[in-house]
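Hi everyone, thanks for coming. Have the sequence and the model open while I talk, and we will walk through the fold together.

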Amino acid sequence: MYKYKVGARRVRRCEKGVMRRARRIFGAMAATLLIAGCNRHQSALAPFGAEAEQVRHLTLVLVVGSVVILVALAGLWVAAVRAPEGRLSHKGGMRLVLVLGALVPTLVLFALLLYALPMMRPRPVSRADLRITVTGEQFWWRVAYQPAGTPPVTAANEVRIPVGRTVAFQLKASDVIHSFWIPGLAGKMDMIPGRTNELVVRADVPGRYRGACTEFCGLSHARMALDVVAMEPAAFDRWLALQRRPAAPAPARGQALFAENGCAGCHTVRGTGALGTIGPDLTHFGSRLRVAAGTLPMETEAIARFIRKPDDAKPGARMPAFPHLPPDDARQIATYLQGLQ
Ligand SMILES: [Cu+2]
């Protein structure tokens with residue numbers, strides 16, 4: 001009797017423990033969902049473009065559809081278990097397996113195919129539409145805007161697009177396979193060396209968003225992000241005209257240090273003597289939102305540290321370190337680069 005009581009108490013205590021743990025796990029899951037739901041910056045469920053809206057729509061149809069099927073199957077299972085003995089025949093069971101196991105899935109999949117195929121047709125592009133070539137590099141993005149009838153404008157690590165207009169991304173890679181994904185704008189598209197893939201999109205909601213490389217491309221693959229700015233068309237045209245201009249640096253010691261340290265061998269600053277093309281174009285570096293493909297904030301200290309030791313922020317980065325550069329010189333160069341608006 002005594003033993004039994006202790007056992008019951010223990011069981012009760014154990015049950016309480018299980019309940020507490022379950023509550024904690026459910027709480028954590030709910031919190032994760034809530035946090036994920038708050039991210040409207042980089043989320044396929046918070047579309048700002050027509051193509052991503054289709055992806056979201058299709059996801060919704062699939063999720064609701066599969067829940068309906070799951071509930072119907074559970075209902076069937078309950079009915080089968082509860083059926084009085086003798087009501088169910090083997091033949092009837094086999095017929096049910098044939099219908100639900102072969103006929104219904106065939107019909108459902110065929111209907112889904114008919115429903116989804118038209119969504120895969122890309123939006124038509126005309127000669128007047130803006131083309132933007134984006135080339136994946138280890139571990140950054142080379143960008144060239146090609147508005148119809150005018151020479152291209154080079155930039156890097158950020159794309160700006162006009163809302164309401166068709167934009168055709170021409171996607172390439174220079175070294176290994178990368179993948180271009182702006183979840184709020186469209187689905188993924190691979191960037192393959194020696195090929196040009198086209199991704200046609202239309203942004204509908206102005207704002208600041210984020211994209212990322214989604215094909216493992218090396219050590220700093222996870223530090224290969226992309227700021228995306230969707231702008232009103234008139235503001236976009238003004239912005240592009242400014243990007244087209246050469247740099248207008250204010251006189252700064254940083255400019256001389258930039259030349260002396262050989263940075264110009266890899267970086268272009270149009271309008272100065274810097275013509276390198278191995279690294280990102282820095283002509284309007286200061287107008288970018290972030291540094292080194294979304295890795296660092298646009299702040300003097302962060303840039304100076306990156307210049308001296310790029311590996312600290314981006315392991316495996318294809319930019320040599322300049323550890324011998326006095327920190328103050330690095331700060332001077334950073335200030336000069338930030339001034340390139
Ligand atoms: Cu990549």
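How far apart do the C-alpha centres of domain 1 and domain 2 lie? They lie 22 Å apart. Before I go on, a word on where this comes from: this is a predicted model, where local features need pLDDT of at least 70, side-chain atom pairs count only at pLDDT 80 or more, and totals for chains, interfaces and linings use all residues. Residues are numbered from 1 along each chain as its sequence is written.

So, the domains. Domain 1 covers 130-242 and domain 2 covers 253-338; those bounds come from an automatic or database domain assignment. Across the boundary, 18 residues of domain 1 are in contact with 14 residues of domain 2. By contact I mean that the C-beta atoms of two residues, placed from the backbone, lie within 7 Å. On the domain 1 side, strand 2, strand 3 and strand 10 each supply at least two of the touching residues.

Now the overall form. The protein has eight helices and 12 strands. Helices here are DSSP runs of H or I with at least four residues, strands are runs of E with at least two, and both are numbered from the N terminus. The radius of gyration is 28 Å, while a compact globule of 341 residues would have one near 20 Å. That radius is taken over C-alpha atoms, and the globule rule is 2.2 Å times the number of residues to the power 0.38. Along its principal axes, the C-alpha trace spans about 95 × 65 × 35 Å. Of the 341 residues, 27% are buried. Buried means 20 or more other C-beta atoms within 10 Å of a residue's own, exposed means 12 or fewer, and partly exposed is in between, with C-beta atoms placed from the backbone.

Two strands pair if DSSP finds at least two bridges between them. Strand 5 (residues 166-173) pairs with strand 8 in the antiparallel sense over six bridges, and Thr166 sits opposite Arg202 in strand 8.

There is also an open sheet of five strands with the order 4-10-9-6-7, again with mixed pairing. Here strand 4 (158-162) and strand 7 (189-191) are at the edges with a single partner strand each, so one side of each lacks a neighbour in the sheet. Strand 4 runs parallel to strand 10 and is joined to it by five bridges, with Glu158 partnered by Asp227. On its other flank, strand 10 (residues 225-231) pairs with strand 9 (residues 207-213) in the antiparallel sense over six bridges; there, Ala212 stands opposite Ala225.

Is strand 4 mostly covered or mostly open? Mostly covered: four of its five residues are buried. Helix 4 (residues 233-244) lies across strand 4 and strand 10, at about 135° to strand 4.

Next, the core. A nonpolar core is a set of buried Ala, Val, Leu, Ile, Met, Phe, Trp, Tyr and Cys residues joined through C-beta atoms within 7 Å. The largest one has 57 residues, and Val134, Phe169, Leu185, Ala293, Ile333 and Leu337 touch the most other members. Helix 8 (residues 327-338) gives the most to this core, with five residues. Both domain 1 and domain 2 contribute residues, so the core lies between them.

Finally, some backbone details. Most residues other than glycine have a negative phi, and most peptide bonds are trans. Ala292 has a positive phi of about 60°, and Ala293 has one near 55°. Ala292 is buried, with 23 other C-beta atoms within 10 Å, and Ala293 is buried with 24. The peptide bond from Gln138 to Phe139 is cis, with omega near 0°, and Phe139 lies in the loop between strand 1 (130-137) and strand 2 (140-146).

Notes:
Axes fitted to C-alpha atoms, helices over the stretch in contact; angles between N-to-C directions.
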